[in-house]
Every structure is written in structure tokens, then in C-alpha cells.
Amino acid sequence: MSSLTILAALASGGVIGLILGLVGGGGSILAVPLLVYVVGVGSPHAAIGTAAVAVTVNAVASLIGHARAGRVKWRCAGVFAASGMIGAALGAELGKAFDGKRLLVLFGLLMIGVGFSMLRPRRTAEVPDVRLTRGSAATLLPRLIPIGLGVGLAAGFFGIGGGFLIVPGLVLATAMPLPFAIGTSLVVVSALGLTTAASYAASGLVNWTLTAWLVAGGVVGTIGGIALGKRLGGRKGVLERGFAAVVIGVGLYVSASSL
């Protein structure tokens, strides 16, 4: 592996970690394009497998900070993650069987859709202290399980953590406040990423050396992102809209270049 490739991997990992720490998700959706177009991974499937491992490690690193701050609803996360892992396992098998070029076209279209969804105003959460108990299970489980399954299917198929799908999914299912949805989503991102990564690793579609450099850059980026997020707390909406524009632009490029 050349020094240029190592630098590109470190920089790409830094970008992924920075975005995860700054806005609570989204780094994973840029991981595959970064690996293909910046690092130079030739196989889309190898890029997806490698990205899944790196995203999982970076999500765990970011989760630690949110858990210490008490922003994780563990029971809701457990149910959502369990159903999502089933979907991710199925999605990963479908993704590996799909033509690489067509997979990139669909991935680009997904990025465009996610980017536009990020620009839509979010409704204010109505339940400040969501708890999954025996009393609330009848209401919450019929929402958490199918939404988790659907998000997991998409995450496994495209090899992404699915943070920008999981956060609105959790808000839709439980009406929990956004800061808790972001913290809780990282549990699910870690679980889905692990499921997808295991599937691709079993098929020999993970570049472990490259993954190590991505993770190294990602850890530094995550620490920087969390620190920067605290300083720019009042401007988070502007940051998210700016990132949405980047996601849309990259999605257009990925789709157009893969056709």
C-alpha cells in the first residue's frame, strides 16, 4: 500500500469521524464514495465491506461520549437494533449478489433522497422521557420493529450505518427528543454495521489494512467533531443543511459517473 493511499485513507476516515461526531450520523453515507473515488478501491463490494467495518468502529467511539452524557435509550435501541440486524443480514446478501455498477447508481440515488430528506424541517418531539416498559410496549413495539427491519434492510444492502435513516425512524416510532434519537441511533448504527461487516468479511470483501487506517483517521475525526459540535451548538441546523447539500452533490456525481 502506497503512502498516498494511506494518507487518502486517513483523510477519508477523518471526514467520516468528524461528521459522526459533529451531527450524530451521516459519515457512513460518504464512506463508500470516499473509498471508491478518493482512496481508489476498485471493487464497489470491497468498498462497502471495508466501509462497514470502519463505520462500526467509529460509531462505537462516538457512542461512548453520548452514553456518558445519558443520551441513550437502551431498551428502545435494543429492540430497534435486533430487528434491524435481521434486515441488515438480508440486505447484505442481496447487495453482494447485485451488480457493482448498478449498486453504485442506486447508492447515489439513495444519497440524493437522504440529502433532500435532511432539508425538510423536523417536527418537535412530543415525549421528552420515552421509556419502553410493559405499559408502553403495546404502543412502541409495533412501531419500532417494522421501522427497524426496513432501515436494517437498506443499511445492509448499501453497506451504510444508516444514521440518517435511523434518527428519523426513532423519532417517528417513539417521538423521543432529537438529542436522544442521535445518541440512541449510534447503538443501532454499531449493530447494523457489525452485521453488514461480518457478512462481507465472511465473503472476503474487507481490506483489513485499509480499514485500520480508516479507523485511525476516524477516531481523531470523531474527537474533533464532538468538540467542534459543542462550540457550534447553536449553528447545528446550518451545519446539517450544508452537509445535506454535500450529500446531494456527491450522490449526483456517484450516480452520473456509474451510469
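**Helix lengths, bends and burial**

Me: How far apart are the end C-alpha atoms of helix 8, and which span should its 25 residues give?
Reply: This is a predicted model. Helix 8 covers residues 178–202. At 1.5 Å a residue, its 25 residues should span 36 Å, which agrees with end C-alpha atoms that are 35 Å apart.

Me: How many residues of helix 8 are buried?
Reply: Buried here means under 20% relative accessible area. Helix 8 is mostly covered. Of its 25 residues, the buried ones number 18.

Me: Which residue takes a positive phi just after helix 8?
Reply: Helix 8 runs over residues 178–202. Just after it, a phi of about 70° is taken by Gly204.

Me: Where does helix 6 bend?
Reply: Helix 6 covers residues 134–158. The bend is about 50°, and Pro142 follows within four residues. Among the buried residues of helix 6 are Leu144 and Gly148. Leu140 is buried too, and the bend is at Leu140.

Me: What span should helix 4 have, at 1.5 Å a residue?
Reply: Helix 4 holds 23 residues, 74–96. Its buried residues include Gly84, Gly87, Gly91 and Gly95.

Me: How far apart are the end C-alpha atoms of residues 46–66?
Reply: The unreviewed UniProt entry annotates residues 46–66 as a transmembrane region. In the model this stretch is 100% helix and 0% strand. Its end C-alpha atoms are apart by 30 Å.

Methods
Residues are numbered from 1 along each chain as its sequence is written. This is a predicted model: local features need pLDDT of at least 70, side-chain atom pairs count only at pLDDT 80 or more; totals for chains, interfaces and linings use all residues. Side-chain values use heavy atoms; hydrogens and water are left out. UniProt positions are given in the numbering used here, feature names are shortened, and annotations may be inferred rather than shown by experiment. Helices (H or I, at least four residues) and strands (E, at least two) are DSSP runs, numbered from the N terminus. The expected span of a helix is 1.5 Å times one less than its number of residues. Buried means under 20% relative accessible area, exposed over 50%, partly exposed in between (1.4 Å probe, protein chains only). The bend at a residue is the angle between axes fitted to the seven residues ending there and the seven starting there.
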